[in-house]
Amino acid sequence: SQPRARVAAVGRAELHLHIEGTLEPELLFELAARNEVLEKIPYKSLDEVRAAYNFQNLQSFLDLYYAGCAVLITEQDFYDMTWAYLERAAADKVVHTEIFFDPQTHTSRGVPFATAFQGITKALKDAEAKLSISSHIIMCFLRHLGSESAMATLQEALPYKEQIKGVGLDSSELGFPPSLFQEVFQLAAKEGFKLVAHAGEEGPAEYVWEAVNLLKVDRIDHGVKSIEDASLCAHLSKAQTPLTVCPLSNVKLSFVTALPDEQLVEKLQVLLRQGMCITINSDDPAYFGGYVNANYVFLAQSLGLDAETLYQLHRNSFIASFLSDDVRDKYL
Ligand code: HPA
Ligand code: ZN
C-alpha cells in the first residue's frame, strides 16, 4: 500500500535511546577482557547475563544497567559501543537519531566527561559519512543524584554546548519528581538547550504535569501513565507535546503488563485517535530485547495497527525530532 511504500522509502527517526543501554552482552565481555576488569561485572557467562535480564521494575533494570557501565573506560570503548548501535540503527532504517548519554554514570567512576563524550561524538560523526545517519546528543541528569549534582554536570558540559542539542532527566523516577530540577532546567533553557524529561514511566501522571508546567519540556519520554489522567491527555493532544514511547521497555519492566492487554490496546488506540504525537523508540535495546524495528513490529501486532496509523507514527518521529524545519520537511 501507499503508506507502507512511503515508510520504506523515507525511514524513521529514533528519539529515545540511551547509548549505555545499547551495550550488548557480547561487547560487555569483550570490553571487560580488553580493560582487564572482568571481576567488575556480576556475570561469568553470556547465559548468566541473559538470565539476569529479567526485571521486576525500573530499579532492578537500572542496577544492572549501571553495573554494565563499569567496562566503559577508554574513548575507544565509547566509540565501539556507539558504532555498534549505529550499525543496528542503519539496518532498522533509522536516518536520524537523538541519543541520550548519562555523563554522571561515568564521571562518578573517574572516567572524564571528555573521554565518554569524544568517543560517542566521533562515532556519530563517522555515521554521518558512512551510514548516512544524522544525530543529536541529549545529555541526561540522573535524578537519583539530586539537583546539585545535575547543576554541576550542566556547568561541566557548557564548554561542549555547541555539540549538545538538549538535556534530559532519567534514572529512578519514584521519589524524584521533576519539580526538584526546576532551577537546572531553567538554566539549561537559558543556555539554549532543548528540554526533555522521563516522566510517567513508573511515576504518576502528576509527574508528567510537572515536567510540562514546571520544567517546560519540549517532549515527554515514556509518558504512558498519562493514560490515567484524561485532562492531561487532552492537554498533551492540544499542545502536541510528543511522547517518546518505548513498548518493549514497558513490557520488560512490567508497567504495561500490569494492565490487562485489552485495556492497554484500547487506551493506546484512544490516544492515537485523539491525535496525540506518539513516537516509537527502543530505550535500552540491549536490555529489553529489541531495536526500534522490533518495537514497531511488536506494537503493530499487539494493537493490530493499520498501515495508515503506522505511517503516522513514522511521520511523528520526524515531527517530534529536533531537526531544523527545512531538514524535517524533507522527511514529511
Ligand atoms: N528509565 C529511566 N532511566 C533510564 C532508563 C529508563 O527507561 N533507561 C536508562 N536510564
Ligand atoms: Zn529511557
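The following exercises, with worked solutions, concern a predicted model.

**Exercise 1.** Determine which strands lie at the edges of the open sheet of eight strands.

*Solution.* Begin with the strand order, which is β1-β2-β3-β4-β5-β6-β7-β8, with parallel pairing. Next, look for strands that pair on one side only: these are β1 (12–18) and β8 (278–280), the edge strands.

**Exercise 2.** State how many bridges join β2 to β3, and identify the partner of Phe100.

*Solution.* Strand β2 covers residues 94–101 and strand β3 residues 134–142. The two run parallel and are joined by six bridges. Within β3, Phe100 has Ile138 as its bridge partner.

**Exercise 3.** Classify Ser132 and Lys216 as buried, partly exposed or exposed.

*Solution.* Locate each residue before counting. Ser132 belongs to the loop between α7 (113–130) and β3, and its phi is near 55°, a positive value in a residue other than glycine. Ser132 has 11 other C-beta atoms within 10 Å; the limit for an exposed residue is 12 or fewer, so Ser132 is exposed. Lys216 lies in the loop between α10 (205–213) and β6 (219–222), with a positive phi near 60°. Because 13 other C-beta atoms lie within 10 Å of Lys216, this residue is partly exposed.

**Exercise 4.** Describe the shell around ligand 1 by residue class.

*Solution.* First list the surrounding residues: His18, Gly21, Leu58, Tyr65, Asp170, Ser171, His198, Glu201, Ser249, Asp283 and Asp284. Then sort them by class, which gives two nonpolar, five polar and four charged residues.

Definitions and conventions: Residues numbered from 1 in each chain as written. Chains lettered and ligands numbered in written order. Predicted model: local features only at pLDDT ≥ 70, side-chain atom pairs only at ≥ 80, totals over all residues. Near = placed C-beta within 6 Å. Nonpolar A, V, L, I, M, F, W, Y, C, P; charged D, E, K, R; others polar. Pairing = 2+ DSSP bridges. Helix = DSSP H or I, 4+ residues; strand = E, 2+ residues; numbered from the N terminus. Buried ≥ 20, exposed ≤ 12 C-beta atoms within 10 Å, placed from the backbone.
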